[in-house]
Amino acid sequence: RVLFRSLGDEIWNGYFKFCVERNPWDRALSLYHWRHRAGPRPPLAEFFSSDAPLLRLRQSGFELYTIDGEIAVDRICRYENLQHDLEEVRVRLGLPEPLDLPRANATSRTDKRHYSELLDEEQRERIRHVFQREIELLGYEF
């Protein structure tokens, strides 16, 4: 917000702005695995019983690409389609070569099941409540 105000409309509107958003349920489960990558992992119910993990995720999503609740970027890429969406950004920006995305932050998930198989009803609804705006904006479904 400070950057937006200090640049002024002409400069701000001259930039192509994009961000990446991720399915909130998958994102929350990823944080669980990342936070406990060295083990041992507490039960999911214990992890999600605290507001801290979801509030931390909340600060790194919708609030970063909106200003006063309005989308402030030109393109929202979906993590689930990252290679494809970033290729569209690359073309839009006129970058000469396709992007080669590294897997620098890959977790050591031993349980590769889909989040829908791992999260219970209470966890699912808690995540839905915290990330309601992202879910509605991008049409995410559990």
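Reader: In what order do the elements run from the N terminus on?
Author: The protein chain runs α-α-β-α-α-α-β-β-β-α-α-α-α. Helices (H or I, at least four residues) and strands (E, at least two) are DSSP runs, numbered from the N terminus.

Reader: How many helices and strands is that?
Author: Nine helices and four strands.

Reader: Where does this model come from, and what should I know about the numbers?
Author: This is a predicted model: local features need pLDDT of at least 70, side-chain atom pairs count only at pLDDT 80 or more, and totals for chains, interfaces and linings use all residues. Residues are numbered from 1 along each chain as its sequence is written, and side-chain values use heavy atoms, with hydrogens and water left out.

Reader: What does the C-alpha trace span?
Author: About 50 × 35 × 25 Å along its principal axes.

Reader: What share of the residues is buried?
Author: Of the 142 residues in the protein chain, 36% are buried. Buried means under 20% relative accessible area, exposed over 50%, partly exposed in between (1.4 Å probe, protein chains only).

Reader: New topic, strands. Which strand does β1 pair with?
Author: β1 pairs with β4 (residues 75-78), in the parallel sense, over four bridges. Two strands pair if DSSP finds at least two bridges between them.

Reader: What stands opposite Phe18?
Author: Arg75, in β4.

Reader: And which face of β1 is covered?
Author: The one with Cys19 and Glu21. Phe18 and Val20 form the uncovered face.

Reader: On to α8. Which of its residues are buried?
Author: Gln123, Arg124 and Ile127, in a helix that covers residues 121-130. They sit on the same side of α8, because they cover an arc of only 100° around the axis. That arc is taken from the directions from the helix axis to the C-beta atoms.

Reader: Why would residues three or four places apart point the same way?
Author: An α-helix has 3.6 residues a turn, so such residues point the same way.

Reader: What's on the face turned away from the buried side?
Author: Glu122 and His129, both exposed.

Reader: What do the buried residues of α8 pack against?
Author: Five helices are listed here: α3 (24-35), α4 (44-49), α5 (52-58), α7 and α9 (132-138). Contact means heavy atoms within 4.5 Å.

Reader: Let's pick a residue in α4. Is Phe48 buried or exposed?
Author: Phe48, which lies in α4, counts as buried because its relative accessibility is 3%.

Reader: What does Phe48 touch?
Author: Leaving out residues up to four places away in sequence, Phe48 touches Ala28, Leu29, Leu54, Leu119, Gln123, Arg126 and Ile127. Gln123 and Ile127 are among the buried residues of α8. Ala28 is 20 residues away from Phe48 in sequence and 9.0 Å away, C-alpha to C-alpha.

Reader: Loops next. Where is Arg109?
Author: Arg109 is in the loop between α6 (82-93) and α7 (115-118). Its relative accessible area is 15%, so Arg109 is buried.

Reader: Which residues is Arg109 in contact with?
Author: Asp26, Leu29, His33 and Leu118, leaving aside neighbours within four places in sequence. Leu29 is also touched by Phe48.

Reader: And Ala72, where is that?
Author: Ala72 is in the loop between β3 (70-71) and β4. Ala72 counts as buried because its relative accessibility is 13%. Beyond neighbours within four places, its contacts are Trp12, Lys17, Tyr65, Thr66 and Ile67.
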